[in-house]
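Good morning, colleagues. I would ask you to look at the sequence and the model together while I speak.

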Amino acid sequence: MAAVGDQRGRRIAIVGAGFSGSLLALHLLRRCQPEDRIYLVERNQNFGRGLAYATGNPNHLLNVRAGNMSAFPDEPDHFVRWLQALPPEEKAELAGEPSASTFVPRRVFGNYIQQLLGDKIWREEQGHNLFLVTDEAVALHRGPQGLALELAVGRRYDIDHAVLAVGNFPPAQSAAGYYGDPWNPACLADLPADAPVLILGTGLTFIDTVLSLLDRSHQGKIYALSRRGLLPRVHAAVPTPWKYVSPPNGKSLVSLLRQIRAACAAAESVGAGWRAAIDGLRPHTQRLWQEMPRQERSRFLRHLRPWWDVHRHRSAPQVAGRIQAAIDRGQLEIIKGRIATSTRATNVTEVEIGLRGDAGMQLISVDRIIDCSGPRSDATMIDQPLVQQLLSSGQVHPDPLGLGIDVTTDGAVIDAFGCAARDIHAVGPITKGTFWEIIAVPDLRLACADLAGKLLAVSAAFAK
């Protein structure tokens with residue numbers, strides 16, 4: 001390994017070229033040597049965007065202000081400066097001169113990541129370091145010389161390190177009248193303007209789906225169903241910083257909840273607002289999650305997760321205004337409950353809903369059901385070749401809470417025997433079991449920067 005490393009540099013394969021994978025590639029390119037090679041493997045040709053930032057709808061806005069969306073933690077205003085340097089015709093869709101407080105369309109952020117990759121390849125002439133591989137990774141083999149990544153076409157790459165950046169696991173399969181993937185254009189294709197629709201889930205993806213319907217001048221009834229009927233809270237017009245004087249402790253969920261409620265009350269009393277106290281948790285969230293015993297994490301997922309999600313992952317004011325207007329005019333109805341039965345007949349689905357709190361049953365007829373309840377997370381149920389091969393070979397193991405795969409706090413995957421790999425890591429949503437808050441840009445950019453430094457440091461050590 002030492003001689004090989006000296007002659008050919010480091011070989012790192014990143015599986016997945018959505019936001020997490022592309023951002024990790026950028027951070028590796030910032031640190032790598034001329035002889036190093038980074039393979040960015042993606043079965044789709046849309047490198048740098050991923051599902052979240054591939055939407056073409058300009059009304060699908062980021063739910064984080066531009067000032068917190070820089071790709072680089074050491075340059076917090078990088079994205080804002082990039083926005084301000086856009087040509088006038090591209091700025092036109094931003095509704096004014098961009099600033100740190102702007103909520104921009106998600107596709108604009110996708111453009112940002114793609115341009116950063118393009119700059120590294122062409123303007124900064126690092127095309128000899130970065131190789132964009134358009135294919136599906138299907139297996140990862142371990143041999144005497146290290147790792148070999150196998151692709152669907154049969155090609156293999158000998159590598160020193162592999163990083164799983166596969167993003168969210170695929171959504172549920174669709175069926176007649178039911179669409180498991182809300183981002184599939186077929187969800188809304190050929191939908192009559194007056195057709196009633198049922199959306200499962202009332203989080204941020206539900207909001208995007210409703211906006212897509214409204215942008216199509218949809219006039220039909222829109223039902224939205226979730227167990228509690230909670231909607232994402234709205235961002236404050238002007239953010240206020242908040243710092244915890246005493247760092248909160250995560251060993252007891254009840255005690256932590258009291259600390260957070262006290263901080264929210266204190267923030268309200270001085271005019272900062274509860275949002276400031278919630279946002280002030282960001283530097284502590286991963287530590288708090290890791291301090292919690294597994295039983296406390298399970299309690300959080302069972303009882304508090306929906307409340308955390310709507311307070312932590314909020315919507316832009318202009319977006320929330322359109323949702324509220326649809327509710328006020330009676331087009332959008334939020335239902336608290338669960339589906340009891342559903343029957344599809346003659347292009348109509350009859351849905352019987354058991355209402356929350358023993359409030360009886362509600363029967364609705366809809367043209368189609370769109371599932372916005374969130375991505376699947378149980379790795380054992382995912383039909384993805386590489387993940388299944390790694391599971392069956394014991395190289396990775398599901399995390400105990402069913403949120404993805406088990407990794408260390410350094411991102412190294414943990415195998416079926418509880419041992420951490422030195423040369424296989426993971427980043428992004430599939431590591432939620434260890435990090436919890438690992439889907440937003442401010443968290444991912446830190447994770448990618450740290451992992452890039454570790455991977456190249458370890459590779460350099462092996463090469464000596």
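First, the basis of the values. This is a predicted model, in which local features need pLDDT of at least 70 and side-chain atom pairs count only at pLDDT 80 or more, while totals for chains, interfaces and linings use all residues. Residues are numbered from 1 along each chain as its sequence is written, and side-chain values use heavy atoms, with hydrogens and water left out.

Let me begin with charge pairing. Side chains of opposite charge can pair when their charged atoms come close. The structure holds 21 salt bridges, a salt bridge being a side-chain nitrogen of Lys or Arg within 4 Å of a carboxyl oxygen of Asp or Glu. In one of them, Arg10 pairs with Asp36, and the closest N and O atoms are 2.6 Å apart. Arg10 lies in the loop between helix 1 (2–8) and strand 1 (11–15), and Asp36 in the loop between helix 2 (19–31) and strand 2 (37–42), so the pair ties together parts that are 26 residues apart in sequence. Helices (H or I, at least four residues) and strands (E, at least two) are DSSP runs, numbered from the N terminus.

Are these two partners buried or exposed? Arg10 is buried, with a relative accessible area of 10%, and Asp36 is buried at 2%. Here buried means under 20% relative accessible area, exposed over 50%, and partly exposed in between, with a 1.4 Å probe and protein chains only.

A second bridge joins Asp74 and Arg30, with 3.3 Å between the closest N and O atoms. This pair links distant parts of the chain, 44 residues apart: Asp74 is in the loop between strand 2 and helix 3 (78–84), and Arg30 is in helix 2. Asp74 is exposed at 56% relative accessible area, whereas Arg30 is partly exposed at 34%.

Glu97 is exposed at 53% relative accessibility, whereas Lys91 is buried at 18%. Elsewhere, salt bridges that share partners join Arg30, Asp74, Glu75, Asp77 and Arg81 into one network.

Which residues lie closest to its centre? Of the 19 lining residues, they are Leu257, Ile260, Ile278, Trp307 and Trp308. Helix 7 (253–269), helix 8 (274–279), helix 9 (285–291) and helix 10 (294–312) each supply at least two lining residues, and helix 7 gives the largest share, six residues.

Next, Arg314. This residue is placed in the loop between helix 10 and helix 11 (317–328) and is buried, at 1% relative accessibility. The Arg314 side chain makes a polar contact with the side chain of Asp279 at 2.8 Å, and the Arg314 side chain also reaches the backbone oxygen of His311 at 2.8 Å. A polar contact is a pair of N or O atoms within 3.5 Å; within protein, one must be able to donate a hydrogen and the other to accept it, and residues adjacent in sequence count only if both atoms are side-chain atoms.

Finally, Asp358 lies in the loop between strand 12 (348–355) and strand 13 (361–366). Asp358 is exposed, at 81% relative accessibility. Asp358 and Gly337 are 21 residues apart in sequence and 9.5 Å apart in space, C-alpha to C-alpha.

Conventions:
1 Å grid on protein atoms, 1.4 Å probe; cavity = no way out; pocket = protein on both sides within 12 Å on 5 of 7 lines; lining within 4 Å.
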